[in-house]
Amino acid sequence: MKKVEAVIKPFKLDEVREALSDIGINGLTVTEVKGFGRQKGHTELYRGAEYVVDFLPKVKIEVVIADDLVDRAIEAIIQTARTGKIGDGKIFVYPVEQVVRIRTGETGEDAV
């Protein structure tokens, strides 16, 4: 099993969720996060005062899936989250040693 984390632009969330659902990924966790990479933030004007926004709003999607779904999940995220502009995000893949469903006690892929 693997954990796939994707940090994407917030307005792409619904498209990515639908794309993951289309390939059979039903459960996911979404967190609103802030951060920056090469964008380095930007300057905004508020009530006549200029200020720098260092941390930009992003959305982090986390899914734990079987190894055979990882490549399809990555491709689905890339296809739907890409705008071609800086700040589209990143995908991270981690190995998962064990999963336990608290309610039933199921373990491994049965718990996912």
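This is a predicted model: local features need pLDDT of at least 70, side-chain atom pairs count only at pLDDT 80 or more; totals for chains, interfaces and linings use all residues.
The C-alpha trace extends over about 55 × 30 × 20 Å along its principal axes. Buried residues make up 31% of the 112 residues of the chain. Among contacts with a sequence separation of 6 or more, 71% are formed by residues 24 or more positions apart.

Two packed helices are characterised by the angle between their axes and by the distance between those axes. In the present model, helix α1 spans residues 13-22 and helix α2 spans residues 70-81. Their axes come within 9 Å and cross at roughly 150°. Because an angle over 145 degrees counts as roughly antiparallel, α1 is assigned as roughly antiparallel to α2. The crossing of the two helices, α1 and α2, is right-handed.

The contact between the helices involves residues from both elements. Helix α1 contributes Glu15, Val16, Ala19 and Leu20, and these meet Ala73, Ala76, Ile77, Thr80 and Ala81 of helix α2. Classified by residue type, the contact of α1 with α2 contains seven nonpolar residues, one polar residue and one charged residue.

Conventions. Residues are numbered from 1 along each chain as its sequence is written. Side-chain values use heavy atoms; hydrogens and water are left out. Axes are lines fitted to C-alpha atoms, for helices over the stretch in contact, and angles run from 0 to 180 degrees between N-to-C directions. Helices (H or I, at least four residues) and strands (E, at least two) are DSSP runs, numbered from the N terminus. Angles under 35 degrees count as roughly parallel, over 145 as roughly antiparallel, 65 to 115 as roughly perpendicular and the rest as oblique. A crossing is left-handed if the near helix is turned anticlockwise from the far one by less than a right angle, and right-handed if clockwise. Contact means heavy atoms within 4.5 Å. Ala, Val, Leu, Ile, Met, Phe, Trp, Tyr, Cys and Pro count as nonpolar, Asp, Glu, Lys and Arg as charged, and the others, Gly among them, as polar. Buried means under 20% relative accessible area, exposed over 50%, partly exposed in between (1.4 Å probe, protein chains only).
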